[in-house]
Amino acid sequence: FVSHPWLAAEHSDPDGIQLRTMQTFLRRCIDGKGRVDQSFLAAEFQKQRLDSRSLRARMADGFFWIDQCCVPQRDPVGQKHAVDSCPFYVLQSDLFLVLAPAAAHADGDLRDKVAWSSRGWCRLELLPH
């Protein structure tokens, strides 16, 4: 499960900043160099360190749940059903990753780990974990 702050009202990542960060992270995991760095937080919040071997094993046959892709954005009924099922997906996830590289929101405010931890929606996603 990937939780992240949106960077604009109409699109979660209009300039692809979070996408590129996620791609780099996944490439590093595949290459055996992955680690949870400053752009990510593991939901365990430092209870356990996730090294490249354990990350690669946990993601080998997995899927990623990312709201922009998994929640219908233009279908209010479908969106409500998807949002209501969010806790189920969090509970079923082997990993809960926070994707929060420092980036500017369209309104000019900074979105990073600190901003993520203060956002109600992001904190709500974390509750079931």
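Serine 3 touches Phe96, Leu97, Val98, Leu99, Trp116, Cys122 and Glu125, leaving aside residues up to four places away in sequence; contact here means heavy atoms within 4.5 Å. This serine sits in strand β1 (residues 2-3), where helices (H or I, at least four residues) and strands (E, at least two) are DSSP runs numbered from the N terminus. With 0% relative accessibility, serine 3 counts as buried. Buried stands for under 20% relative accessible area, exposed for over 50%, and partly exposed for what lies in between (1.4 Å probe, protein chains only).

A word on the model before going on. It is a predicted one, in which local features need pLDDT of at least 70 and side-chain atom pairs count only at pLDDT 80 or more, while totals for chains, interfaces and linings use all residues. Residues are numbered from 1 along each chain as its sequence is written, and side-chain values use heavy atoms, with hydrogens and water left out.

**The chain as a whole**

The chain has seven helices and five strands, which run β-α-β-α-α-α-α-β-β-β-α-α from the N terminus on. Of its 129 residues, 39% are buried. Among contacts between residues at least 6 apart in sequence, 60% join residues at least 24 apart.

Cysteine 29 gives another view of the interior. This residue belongs to helix α1 and is buried, at 3% relative accessible area. Its C-alpha atom is separated by 9.4 Å from that of alanine 57, 28 residues apart along the chain.

Which side chains meet in a salt bridge? They are those of lysine 80 and aspartate 84, at 2.6 Å from N to O. The rule asks for a side-chain nitrogen of Lys or Arg within 4 Å of a carboxyl oxygen of Asp or Glu, and by this rule the count comes to one. Both residues lie in helix α4 (residues 76-84), four residues apart, about one turn of the helix. Lysine 80 is exposed, with a relative accessible area of 51%, and aspartate 84 is partly exposed, at 48%.

**Two pockets**

A pocket is an open set of points on a 1 Å grid over the protein atoms alone, where a 1.4 Å probe fits, with protein on both sides within 12 Å along at least five of seven lines; lining residues have an atom within 4 Å of a point. Grid points are joined across faces, edges and corners, and a volume is the space filled by probe spheres set on the points. Ala, Val, Leu, Ile, Met, Phe, Trp, Tyr, Cys and Pro count as nonpolar, Asp, Glu, Lys and Arg as charged, and the others, Gly among them, as polar.

| Pocket | Volume | Lining by class |
|---|---|---|
| Largest pocket | about 320 Å³ | nine nonpolar, three polar and two charged residues |
| Second largest pocket | about 180 Å³ | six nonpolar, five polar and one charged residues |

The largest pocket is lined by 14 residues, and Phe1, Phe63, Phe64, Ser93 and Asp94 lie nearest its centre. Helices α2 (52-59) and α5 (86-92) each supply at least two residues of this lining.

The lining of the second largest pocket includes Val2, His4, His11, Asp13 and Leu99. Two or more lining residues come from each of α1 (17-30) and α3 (67-70), and α1 gives the most, with three residues.
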